[in-house]
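The sequence and the model are shown first.

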Amino acid sequence: ITKSSSRASTADIGETMIQMLRPMLHAMIGGLIVWMCFISGVFQEHSPTPHFSSTRTKTARDQESRHGHPLIGQPLPKWQEGFLDIHHIHSGVAVSTFTVFPDGTTMLTDAGDQDLTRYVNKRYKAATFRDEWKGRLSAAEPWPNPKLRPSQQISEYLLAMWPHNDEKNTVEETKIRRPLIDYMLNTHLHSDHLGQLYEDSRIQPKSQRGGDFYLTGITEIGEHFDFGLFLDRGYPKYDFPYDLLQHWVPKRPTALGNYIKFIQHHVAAGRSRAENFEVGSDSQIVLLRNKKWNVTVRNIKSALDVSPALPNNRTVYHIPGELWPNRTHNPFGKFDENEMSNAYVLQFGNFRYYEGGDQEYHPKVDTPQGIPADVLEMDTVSPTAQMAGKVDVATLNHHGHGVRPAFCNIMDPKVLILQGWCSDHMPEHPLHMLMEDPRPNNTRNNDKNIDNGRHLFATQVFNTKLQELGPLLARHFESVLGHVVIRVSPPLLREQQEYWVYILNGQRIVTAVHGPYYPENEGAS
């Protein structure tokens, strides 16, 4: 009995020791696994190199960093010859995009400004505004400096990011010698794209360069820069869909009238030229400093005319449909200026970029949402997408409202830019269409790209909008506040052409870097 009890007691002690040692063994094994993962670079958040993508290895990110990409927390390195830079500038209730072409030619697309007091109090809270929007929308404050108007902040951004080191780039120096923006392109005649006068005229001075106009939007930029060529949808007559100078400007002197005075003054003074945006042209916007780079800008749409972004094809088609209801009863009635927007496709090597302003569509009066395309009264989104063809990066039409199946399936952009400034940017249905529905069967370079999905970057998305969308849709935003910069490498610099997305804060410091991405177009290297 004693021996048996002794054996039992020894077994109990052994089991007890195993139970005590088991957690220690698990901890040791777990620690070894963690250490191995850390050494292999899986725990990328501890790496001092910038976070490009959670799916890319540390080795790849180290290689990207050695190619000159800035670290998080650093200023964006200045543009270098051979690269294409596209800056989507955030300033508040305004839209503006600054492009530096590979040879240093510069183009500014839009520069808006709006009076928050006028816009919020008299539009979003007005009883005459759309019932479903009344009282629930808000607009962005000027950013990053709430004491400056949006167009003042656009000017500061341009001066700070000016690509040519040999030219003056401070506010004081520009009064003596102003840098030249080669092309000033206005997509359409709305105040968030060209500027608006404020109710309190003391906020906006008149130009010191002569001319009877105030500084707002594009006219503000013109105080600090000269422009080589103005392009818009109406110059010089502004007569579509009717004579805007006679029937629209008297009703809207705070935006369009001020802008037209500015254009006329600068052209008359010999400082600039101005032309109507020519649909089908690929020779209106060209490189001016060095034509060796393979860059084409094709004007694919203006007003209701479209033309394909194809070489040697200048055929122009007219978009059918009714521009506004009850035209026979009111020949000078309200139409949707958004649908008049200019659009272009910029191609650099195999990289293709789309800018379409505020392309839109509208149903017949009293038609419920979710209507089929054949009962739309007007749709400029789909024909424009058909003309554009496959692109790599696209700005979202009308702050995310102008999305149709053709935009998703024909243009099929990998990277999307939302230029947001209102609490309804962007709606749920277009976001679901773009981000939840599968992309078309396009495997070109998807094996080298980060993943098969789309990547969505926003200059601003309101927190209330993110809450409204819910976590499943809100998770699709890669960024929700800041300037969004696309930088494209020269086609021959590396084995394959690449591009990156940089997010900058209000001090123009890099807060995130995404990439590299690779062109997905036919013929891409």
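In which loop does Pro241 lie? Pro241 belongs to the loop between S5 and helix H8 (244-247). The model is predicted, and in it the peptide bond joining Phe240 and Pro241 is cis, with omega about 5°.

A cis bond also leads from Trp143 to Pro144, where omega is near 5°. Pro144 sits in the loop between helix H3 (116-124) and helix H4 (150-160).

## Aromatic pairs around Phe262

Searching the whole structure gives 12 aromatic pairs. One of them is formed by Phe213 and Phe262, with a distance of 5.2 Å centre to centre and 80° between the planes, an edge-to-face arrangement. This pair links distant parts of the chain, 49 residues apart. Phe213 is in the loop between helix H6 (191-194) and helix H7 (218-224), while Phe262 is in helix H9 (residues 253-268). Both Phe213 and Phe262 are buried.

Phe262 also pairs with Phe230: the ring centres are 5.6 Å apart and the planes stand at 80°, so this pair is edge-to-face. The angle qualifies because planes over 60 degrees apart count as edge-to-face. Phe230 lies in strand S5 (residues 226-232) and Phe262 in helix H9, so the pair ties together parts that are 32 residues apart in sequence. The relative accessible area is 2% for Phe230, which is buried, and 0% for Phe262, which is buried as well. Phe213, Phe230 and Phe262 form one aromatic cluster together with Phe227.

## Arginines over tyrosine rings

Which residue has Arg404 over its face? It is Tyr361, and Arg404 lies at 4.8 Å from the ring centre.

Asp110 is not a glycine, yet its phi is positive, at about 70°. The residue is part of strand S3 (residues 106-111). Is Asp110 buried or exposed? With a relative accessible area of 1%, Asp110 is buried. It counts as buried because the limit is under 20% relative accessible area.

Asp412 is another residue other than glycine with a positive phi, here near 45°. Its place is the loop between helix H11 (405-411) and strand S15 (415-418). Asp412 has a relative accessible area of 2% and is buried.

Ser151 lies in helix H4. Its relative accessible area is 0%, and the residue is buried.

Which residues does Ser151 contact, leaving aside its neighbours within four places in sequence? The contacts of Ser151 are Gly112 and Asp113, then Thr216 and Gly217, and also Glu220 and Ile221.

Technical notes
Residues are numbered from 1 along each chain as its sequence is written. This is a predicted model: local features need pLDDT of at least 70, side-chain atom pairs count only at pLDDT 80 or more; totals for chains, interfaces and linings use all residues. Side-chain values use heavy atoms; hydrogens and water are left out. Rings of Phe, Tyr and Trp (its six-membered ring) pair if their centres lie within 6.5 Å; planes under 30 degrees apart count as stacked, over 60 as edge-to-face and the rest as tilted. Helices (H or I, at least four residues) and strands (E, at least two) are DSSP runs, numbered from the N terminus. Buried means under 20% relative accessible area, exposed over 50%, partly exposed in between (1.4 Å probe, protein chains only). A charge sits over a ring if NZ of Lys or CZ of Arg is within 6 Å of the ring centre and within 35 degrees of the ring normal. Contact means heavy atoms within 4.5 Å.
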